Structures are given as structure tokens and as C-alpha cells.
Amino acid sequence: MQPQGKGRRGPSTKVAHSRSYPRGVGLDFKKLPSLTLMSYIDHHSVPVRNEAPPSEIAVAVARHFEAMEVDEKTVINGFLARLSAGQELGPLVPHPSQRIHPSHEFDRYAAASANYARSTAFFDGHAPGPLARRRRRSKNAATPAEQVAAKITRTNENGSWILASVQRFYAESETYDVQDEDDTSKLIRLPWTHVMRLSKGSEGCFAKNTKVMAIFPETTSFYRAIVSKDPVWKLPKGSTTPVVKDLILKFEDDEDVESHTPNRRVPSRYVIPLPEAYFHEDDDDVDLVPINYGTA
């Protein structure tokens, strides 16, 4: 154990903190759940100490909130512009038969919505830093005993992802200890990029023709497939969240002797996005050039 104040890096990496709550903030952030505060911290990349208690995190959020400069006139005008666009153009999602026309009013509505978002959003031009991303991954990490998809090979060949069970997640190194569901005699240590959480059936990201990975029937390995039929949403008894119980898929390299690929029913829990889609960071899609929506 290092003596207090020893072994630290230079002062440039030290995070300044204060327990003094800003007087100009009427909202009491200390009453918000810790998860909400951490979501704010991650979204705005607010610097806080790793060991900061909830009270200190609330102060950091309050100080950042107080320092934000908002042009009220711009926000109000943007809201009114979108409200006006909605009244004039109708619903945001038109009837499918109307979407075949590129010049349909839907494009004008989308343009109005995008302009509103761009003119009122608070964005400093920077994607979240490594610390914010690490904190986010730790918050969303799979928990012990949770079933996951795990990549146990160095190649990307079909079937390289298997069904496994999490034994432990190490936040410091961002690694997992997992067990193969077919062989629980040994632990496998994997980086976070080799572990994917399974579906809950409520994500809504598996429309027809979506490329996915799924457990092939009567195996515990994931293979590439495509959703061949639109999902059927059902509302479980006693729940307010609709889910998809099963998905109809066509697997790669699953042709019969007549070169016909059969439809196979797979529980939605065992259908996951392709790795490049699952690990994609929306924060990296930083677009500082306004989109030119054509309406002609």
C-alpha cells in the first residue's frame, strides 16, 4: 500500500473535485439515483475520481450543469419549428406505401427534425474519452452466472462464438472469466471484445433481412444467419413490454441436397447482432457537417 500522496502522476492528470454544491442550481442532483448521475457523467465526459462517492458525483454533475451555456431563444425557436413541421407534415412515420417517393413530405419532416436536433443539442465536438468508455463498459458488463456469447478462437470463422457462462468480470483489465456451457471443467479468460450479452427479445433490432449470429439448433455454437421473416411481437401476461419470443432464420451454409436453405426457428434470446454491429460505438460517428436533405 502506497503512502498517501505518493506514487501519483504529475498534477496535469489529477482530477479536481469539490464537495461544495453550487448555489445557482435549483435542482438537487443528490436526490437522483447513482445510475442516472453516472449516465450524465459518461454522456458529457465530466471528470470525476474513480473512488468518488455519490455525493461528490452529484456535485460534479451540478457544477457541469451550472456551467452549460444554453441559448433559450434558439431552443424555443427550434421547438416551435419542429412543432410547426409536425402540424403541417403530419405523423413522423407515414404509411409504408408513401415512402417509395423520395420527394415525399417525410423527407422535409426528417430535415426539420434533424435541424432542430442540431440547433438545440449540447455537443462540444468531442467523443467520450477512454475513461468514460471504460466506465460505460463496466456499468454494462455481464454479471456472474449470466449466459453470454463468447469468442474462443483467434479467427472469425463461422462458429467461433459459443454459448458460455460468466464467472467473473475484472473491471481493471476489462476481462472475463467464462465457462463453456459444454465443458465446465476449466475457465477461459477473454477480453471484453470477445464477450457479447444475449438478447432479451425486446430490443427490436432484428427486422427481416437483418444479418445476425444465432445458435444453430441442437448445438451451443453461434453461426451467421439472416432473419427471413418479420418478427412477431407479443405482450407477456403481466408485462407492459412487448417481446419477440422466436425468430425465423436462414443459416449460412445450410443448404440441403437441392440447394434449398430451410427456415429455422430459434429463440430470440439466442439471436445476437454481428460483432461489428454489437461493438460499434455511436460516439465515433461524429458528423460536424450539416446533412443536405434533398426534397426534389
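**Exercise 1.** Which residues are linked with R134 in a network of salt bridges?

*Solution.* Start with the source: this is a predicted model, in which local features need pLDDT of at least 70, side-chain atom pairs count only at pLDDT 80 or more, and totals for chains, interfaces and linings use all residues. Residues are numbered from 1 along each chain as its sequence is written, and side-chain values use heavy atoms, with hydrogens and water left out.

Next, the rule: a salt bridge is a side-chain nitrogen of Lys or Arg within 4 Å of a carboxyl oxygen of Asp or Glu. The network joins R134 with R137 and E174. R134 lies in helix α5 and E174 in the loop between β2 (161-170) and β3 (175-180), 40 residues apart. Helices (H or I, at least four residues) and strands (E, at least two) are DSSP runs, numbered from the N terminus.

**Exercise 2.** State whether R134 and E174 are buried, partly exposed or exposed.

*Solution.* Buried means under 20% relative accessible area, exposed over 50%, and partly exposed in between (1.4 Å probe, protein chains only). R134 has 33%, so R134 is partly exposed. E174 has 6%, so E174 is buried.
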